[in-house]
Amino acid sequence: MDAAIDDVRWMEEALEEARQAGDKGEVPIGALVVCGGDAVGRGANGVERLRDALAHAEMRAIGQAQVRLGDWRLEACTLYVTKEPCPMCMGAALQTRIARIVYGLADPRWGAVESRWRLREGANRPVDVLGGLLADPSLALLQKFFGELRRRKKAVAS
């Protein structure tokens, strides 16, 4: 199968993880770790529900992949995430030696791949990056979520 088609397929699965997070009242961000054509780690944002600031989608997907593969090194893996990873998540990707990162929406405020902080530039090994894949659906999920949140807060304040 064509690599670009695979990227879209996996990003669509990451978007489904994001939808599930949003349905649970979480900021809708989803992630997958893919190795050898298999999703070995999945994560949906769980910060609020789990009351854990470390429960970002990427962290959950990376942790699951390490358990499933029985190794902390994810050298042959790709991380798919609906929004550009923050410094914590990019640090985890670098520490676990993820070979490639594919993300949807750029994050000018917290992005640590290519937007605000370019942490991969200081990495001791190259990390391939593809940004902007399915950015529009990622943005639409976030806009819908925060729009509904603002409406609920406004209704409570009234």
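The side chains of R42 and E13 meet in a salt bridge, with 2.5 Å from N to O. A salt bridge here is a side-chain nitrogen of Lys or Arg within 4 Å of a carboxyl oxygen of Asp or Glu. This pair links distant parts of the chain: R42 belongs to strand β2 (residues 38–44), E13 to helix α1, and 29 residues separate them. Helices (H or I, at least four residues) and strands (E, at least two) are DSSP runs, numbered from the N terminus. The model is predicted: local features need pLDDT of at least 70, side-chain atom pairs count only at pLDDT 80 or more, and totals for chains, interfaces and linings use all residues. Residues are numbered from 1 along each chain as its sequence is written, and side-chain values use heavy atoms, with hydrogens and water left out.

R42 also bridges to E17, at 3.6 Å from N to O. R42 lies in β2 and E17 in α1, so this pair ties together parts 25 residues apart in sequence. E13 has a further partner, R9, at 4.0 Å from N to O. E13 and R9 are four residues apart in α1 (residues 3–23), or about one helical turn. Shared partners join R9, E13, E17 and R42 into one network of salt bridges. E17 is buried, with a relative accessible area of 11%. R42 is partly exposed at 32%, and E13 is partly exposed at 21%. Buried means under 20% relative accessible area, exposed over 50%, and partly exposed in between (1.4 Å probe, protein chains only). The whole structure holds ten salt bridges.

E58, in helix α3 (residues 57–69), is buried yet has no salt bridge. The nearest side chain of opposite charge, K83, is 8.8 Å away. For charge, Lys and Arg count as positive and Asp and Glu as negative; His and the chain ends are not counted. Beyond its neighbours within four places in sequence, E58 is in contact (heavy atoms within 4.5 Å) with residues including I29, A31, L79 and C89.

The largest nonpolar core has 24 residues, of which A31, V33, I62, L74, L79, I98 and I101 touch the most other members. Such a core is a set of buried Ala, Val, Leu, Ile, Met, Phe, Trp, Tyr and Cys residues joined through side-chain atoms within 4.5 Å. Helix α3 gives the largest share, four residues. Another core, of nine residues, lies apart from it and includes M11, L32, V34 and V102.
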